[in-house]
Amino acid sequence: MPIELIKLVPWIPLLGAALCGVCCMKPVWRKAAGPISVLSIFIPFLITCGVYSAAKHLNDTQQVQTVYSWIGVGEFQVNMAYFIDPLTMVMLFVVTGIGSLIATYAMGYMKGDRGYARFFMGVSLFIFAMTTLVMADNLVLLYLGWEGVGLCSYLLIGYYYDKPFAVAAAKKAFIVNRIGDLGFALGIFLTYMTYHTVSLSVVTDMARHAVEQGFDPTTADLWIPFLLMLGAFGKSAQIPLHVWLPDAMAGPTPVSALVHAATMVTAGVYMIARLMPVFQLSPYALPTVATVGGVTALFAGTIALCQYDLKKVFAYSTVSQLGYMFLGVGALSTFGGIFHLFTHAFFKALLFLTAGSVMHALAGQLDLRAMSGLRHKMPVTCWLMFAGCLALAGFPFTAGFFSKDTILAEAMVRGTGEHGSTLFFWLAIMGLATAFLTAFYTFRLWFRVFMGPEHFEMGDDDHGADDAHGDDHGHAHEPHEMPWWPMNAPLAVLAVGALFAGLIFSGWMTTNIEESTAQPAVALNIQTDPQTAPAYEIIAVSDQADTHAAAADSHADAGHGDDHEAHRAHGIHVLLKWVSSFIALLGIALAGYFHWLNRPLTDQIAKRFSGVVEVLYNKYYVDELYDLTIVKPLRRLGHGFYLFDQFVINGLVMTVGYLPRLVGWSVRPTQSGQIQGYGLGMVMGMALVALLVFKWAF
Amino acid sequence: MHKAEIIQKVAGLWPEIVMLIGATACLFIGLSKGKGPRRSTPWIAAATLVLAALLVCGKSSVSDGAGALAGLAGYVKLAVAGIGLILLMVAAGVPDQLRQTRDAEAAKDFDPGDLLTGEFYAFFLLSLTGVMLTAGAGDLVWLFLALELTSLPTYVMVATSRDRVQAQESAVKYFFLGALSAAIFLYGFTLIYGATGSTEFAEITRIAQEQIAAHDGHVPGLLLIGIALSIVGICFKIAAVPMHFYAADVYEGAATPVTAFLAFVPKTAGAVALILILSLVGWPLPGAIESLLWIIAALTMTVGNVLGLLQTSVKRVLAYSSIAHSGYIVVGLLAGPAVNQAAGGALGDGLAAVLFYLVAYGLGTIASFAVLGCLRVNGDEAQTFDDISGLHKRHPFLAALMLVSVLSLVGLPPLVGFLGKVYLIGSAYGAGFTYLVIILVLNSAISAAYYLRIASACYFGEPNDAVESTGQFPRYAGALVAAALALILGVVGNGLVNASRNATTPVQAADTNQPVQQTAATSID
């Protein structure tokens, strides 16, 4: 398939969104929106598959596919152009592939909903923005996609716009993201001022060259990653901007799966991976990314322990897993970060969608305390979710096991040995602790919902109660299994991915990352400045110890005893595999004991530590803290400004506003409607001009 | 002129010749007894415009403009043919409306075929031919004739456009004041001839350079006064101070589609003529001319905008807005062509910015007038803010078009007016006219007040029951095309920017002309 076809990838979903918009107009057309949307996502997936082999062998000019020239002011050139490299292709597979499966599921899930067409319009529009984001050739276009997905996220969270909590959640997501996006925008400005271009390939090439040849970091080099990072933290819900993601679960469940688990929230990870060499220019940037990621992983993992809302558990788990990804890219393992992004997309989408099935079956019930032993009522959902839980818990040889281990082992490699930094050592330890928590809370949920005595309370939500699945038995009173098509079939595909994607795609992913711009740069000439050298060695030099990367071989002659290093790293990888397998099994076993076999004991323990539970249940009171320290003072400040505006600015503006009117009134008499007057005016004007010129010329 | 030269000259004039033939055909067929042939006149006019546009595109690079501005003619001709098509769509029903507008009763059993008059389309085409000829002018006499060919048909169009005494009144005003202005710039032309002894632009430029060199860099007084008077006279065409008085009255009196015509066609001719006249002495302009244009620009913008604030008639508001936009255009003329040709985009090239802005302004203003033209109140044209009040509730489509067009005129991104203003301001700032830029920006802010007043009336006012749609499909389509182009060119306007930029770039190699016109073709049509 010719590579040019890839230019169509974003535009087909846009067309789909437009058609869904048309479908909004008449109730009878609404039903068409679902299939249109699925097709508009599936066709780009086929294109992606078709051009994949061609995309691997592109030269530099072919990598940039220009659709049209968008903005050209002086030397500032921004084109509607796509940058095609293996990383782009990986992201496209995730976005369109997982996107098609989720949209298919949503056809059944959203059936009969009043806003059916509006929902699918949002989904298609989201895919347009997301594909634009991952394909963008320059930062400005990436920012367009970035804001586009933000907008779609806002629209889809606020899908139930008649419910106040959904509206509030949508606003929260949008506003919190603004803070991050401000940083991102400033980062783009600074990038342009520094590099005089916003083209991703050019910027990364320049940065890579700088890292490899040695350089003196300028102030801009230090600042750019931190500004860009802010955007990534906002979009990917990392501390301190994580508060919006759990609330975003107010949207329909397929949205949570697509936008807030599988694709959009990983955009931050993608962005850092894409700009890896730029982040390497600052000695502090990647350690900061890793720290924020590691801390967020642990922090969100603990919160997930004590949540009772099914979707909230998965939401905090998403925050936590995103933390892993940041830890991965921060530890210079873009492979680990992106690989985890890839596998996470499978199992987290699966978990959200099965949670959606449970919620659907129980008429909107999400409280873990109100359900138990559903395995007989929903056997398929039960085992599908089991597959997802295994992957999330990092059970040996499932998808999550491979990707998570890579990240933890890489962090450990960075944290031990000759140039080891204590920071990364402790981050790896935190990662392991998180892995235990993950296994525990994941299976806590699964055992609670599906095992134990059968017991359930139906929710009060009637949105699934009309003709939700075509087969109308009185399911509003009794939970029941979802139909195979269109709901469980896509989930089965996801489940296969969740179990085996790690095994199958590991090698594929390695080559893809190595051939993309995300491959970290390796310093060939070590900076000898004694102040910065140690820091750079952590971020650049010790990369030579990378086991999975060919970098270790190709740069073996760069000194530092690489064979030894590679050997050490290999040992750590093997060790970590054993340790984390053990941790996962331990977590699952404990969860089984406390939440299946001996629930009363769990309740007693929880009562004993009610203070801790309370703090975790209330998410460390971060929302309250923000309310107290940021929202309330800002609101008070706003009131102050309002008064100032009302009495001072307004008065001034009114005065200034009258000025043009006064001038207008004064010249109005010249427009008398009398032709003599006009003629006189013209001749007088001519006479004045003549006088002026005479005065000047003679 | 030698025979070969004449042949070469005519070869470059095929679009104009086709336009003349089309106009003549409209005149004759419009006189026929059968309704069928008479009804075909608008189609003939449309076909003529399309053919002319194709000829401009297909024409090889015959340099028929003043040396440095060889691409100008192609760009302007294509722009005029393209926008002429939109104007034709908007104006297509004008002759039919004569009786229709007399009273609502007569409108019911009205058959356009009864009185459809072909001469309207003939005048329409003749005026557009005038603009094309203006763009290709290389001689003072030619320029004068072309400018008058642009204006004379419009006098008739104004007079016959409506069956109301206001139309006749405004036509008379327009005619007398137009004649006065023609006298003024003709006087200017003669003085230029007197100073240099030639009417040919290339010759004048050469002699002027010699004289300037002989006077240690000072432009001789006679030439200076000639150019100054020409500028003042041509200011009538673009409705700039001190020749702006007529605009509001004439625009208000004419039928709305004809007003749209007046707001674009003579203004384009005037702006192009000013470029040609100014390029006789070249940039940087002599001090006197620069001060003159500076004052004209500042006054025109300000007078147009402050008077626009006070109006109750939307048509008059748009008339004053058109005056204000002329002020913006003069700012671009002051900035002049790019000093450094290497810089990309139109930034820094004032003339390219003017050419781009003409199209940008034309689309916005034509769309807004066309929307007005789609409405009727008690058998008469919609004019006041009351008439468009609550338009959104009755005619959401028209209201949306009105919104797009006024926002483009304000200069909001992503509409084409924004790009136009960016290029104008950028080039003026680059050329050092900082204060003028400040005045321009302040004026933009003032203009937002009345443009947004139009938008708010459409969207937030109480619907007016007396307002109905005229139901003329071509006019709707014209409004739609203009507004859609204002949006599309705002998003993907690079083609037009490059076209305008190439139009003002001196031609080094003959083959550079070809791609220019092709880009222009894709972006305008």
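Reader: How many residues does the contact take from chain A and from chain B, and what makes a residue part of it?

Author: In this predicted model, the contact takes 30 residues from chain A and 36 residues from chain B. A residue counts because its C-beta atom, placed from the backbone, lies within 7 Å of that of a residue in the other chain.

Reader: Which elements of chain A give two or more residues to the side that touches chain B, and which gives the most?

Author: The elements are β1 (64–73), α26 (622–667) and α27 (675–697) of chain A, and α27(A) gives the most, with 13 residues. By class, this side of chain A divides into 17 nonpolar, ten polar and three charged residues.

Reader: What does the radius of gyration of chain A say when it is set against a compact globule?

Author: For 698 residues, a compact globule would have a radius of gyration near 26 Å, and chain A has 29 Å, which agrees. The C-alpha atoms of chain A fill a box of roughly 105 × 70 × 55 Å along the principal axes, and the chain holds 27 helices and four strands. The domain assignment gives domain 1 (3–365 + 376–617) and domain 2 (623–697), and the centres of these domains, taken over C-alpha atoms, are separated by 51 Å.

Reader: How do you know whether α1(A) and α2(A) are roughly parallel or roughly antiparallel?

Author: Helix α1 (residues 11–23) and helix α2 (residues 30–55) of chain A pack at an angle of about 180°, with their axes 9 Å apart. Angles over 145 degrees count as roughly antiparallel, and therefore α1(A) and α2(A) are roughly antiparallel to each other. Among the residues that meet are A:Leu15 and A:Leu19 in α1(A) and A:Ile36 and A:Ile43 in α2(A), and by class the contact has 13 nonpolar, three polar and one charged residues.

Reader: What makes the relation of α21(B) to α22(B) roughly parallel or roughly antiparallel?

Author: The axes of helix α21 (residues 416–430) and helix α22 (residues 434–460) of chain B come within 8 Å and cross at roughly 155°. That value is set against the cut-off of 145 degrees, over which angles count as roughly antiparallel, and α21(B) and α22(B) are therefore roughly antiparallel. The crossing is left-handed, and B:Lys421 and B:Ile425 are among the residues of α21(B) that meet residues of α22(B), including B:Leu436 and B:Leu440.

Reader: What is the peptide bond from B:Val241 to B:Pro242, and where is A:Phe397 found?

Author: The bond from B:Val241 to B:Pro242 is cis, with omega near 5°, and B:Pro242 has its place in the loop between α12 (221–238) and α13 (246–253) of chain B. A cis bond also joins B:Pro413 and B:Pro414, with omega about 5°. A:Phe397, in the loop between α17 (379–393) and α18 (399–415) of chain A, has a positive phi near 70°. Most residues other than glycine have a negative phi, and most peptide bonds are trans.

Terms used: Residues are numbered from 1 along each chain as its sequence is written. Chains are lettered from A and ligands numbered from 1 in the order in which they are written. This is a predicted model: local features need pLDDT of at least 70, side-chain atom pairs count only at pLDDT 80 or more; totals for chains, interfaces and linings use all residues. Two residues are in contact if their C-beta atoms, placed from the backbone, lie within 7 Å. Ala, Val, Leu, Ile, Met, Phe, Trp, Tyr, Cys and Pro count as nonpolar, Asp, Glu, Lys and Arg as charged, and the others, Gly among them, as polar. Domain bounds come from an automatic or database domain assignment. The radius of gyration is taken over C-alpha atoms; the globule rule is 2.2 Å times the number of residues to the power 0.38. Axes are lines fitted to C-alpha atoms, for helices over the stretch in contact, and angles run from 0 to 180 degrees between N-to-C directions. Angles under 35 degrees count as roughly parallel, over 145 as roughly antiparallel, 65 to 115 as roughly perpendicular and the rest as oblique. A crossing is left-handed if the near helix is turned anticlockwise from the far one by less than a right angle, and right-handed if clockwise.
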